[in-house]
Amino acid sequence: MQTILFILNDPPYGTERSYNALRLAVTLAVQPERQVRLFLMADAVLCAKSGQKVPAGYYNIETMLAKVAQRGEVALCGTCMDARGLQDTELMPGCRRSTMVELAQWTGQADKVLVF
């Protein structure tokens, strides 16, 4: 099985980097021969905030991230969460606080690392 690690840095809205990363991650996560891991850091930790409400017709990062979380792993930089006042209780299901130590482990285990 091929392991692909995505590292996201940009906020959920305002740029399209996280959106495009999640489009690719969702597409790869449905392939049974691939394991997808997402590590959210910097402003990207806000992608995992539950209860996102966007205008009709606009993409919803929470919905996209949920698709990846169902088939893969989603972890968030705890330091980045703290800097933004994001509490563990505000995270959507399937997403969890993590550390740079785990990111280092995931990076070493990954066949491919994609940074957005």
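In this predicted model, helix α4 spans residues 100–109, and its buried residues are Glu102, Leu103 and Trp106. These three cover an arc of only 100° around the axis, so they lie on the same side of α4. The face turned away from that buried side carries exposed residues, namely Val101, Ala104 and Gly108.

Aromatic rings were examined next. A pair of aromatic rings is described by the distance of the centres and the angle of the planes. The structure holds six aromatic pairs. One of them joins Tyr58 and Tyr59. Tyr58 is partly exposed, at a relative accessible area of 42%. Tyr59 is buried, with a value of 16%. Ring pairs also link Tyr58 and Tyr59 with Tyr13 and Tyr19 in a cluster.

The cysteines complete the description. A disulfide is a covalent bond between the sulfur atoms of two cysteines. With a cut-off of 2.5 Å between sulfur atoms, the count of disulfides is zero. Cys95 is in no disulfide, and the nearest cysteine sulfur, that of Cys47, is 9.4 Å away. Cys95 counts as buried, because its relative accessibility is 10% and the limit for burial is under 20%. Cys77 also counts as buried, at 5% relative accessibility.

Conventions. Residues numbered from 1 in each chain as written. Predicted model: local features only at pLDDT ≥ 70, side-chain atom pairs only at ≥ 80, totals over all residues. Heavy atoms only, no water. Buried < 20%, exposed > 50% of the residue type's maximum accessible area, 1.4 Å probe, protein only. Phe/Tyr/Trp six-rings, centres within 6.5 Å; stacked < 30°, edge-to-face > 60°. Helix = DSSP H or I, 4+ residues; strand = E, 2+ residues; numbered from the N terminus. Arc of directions from axis to C-beta.
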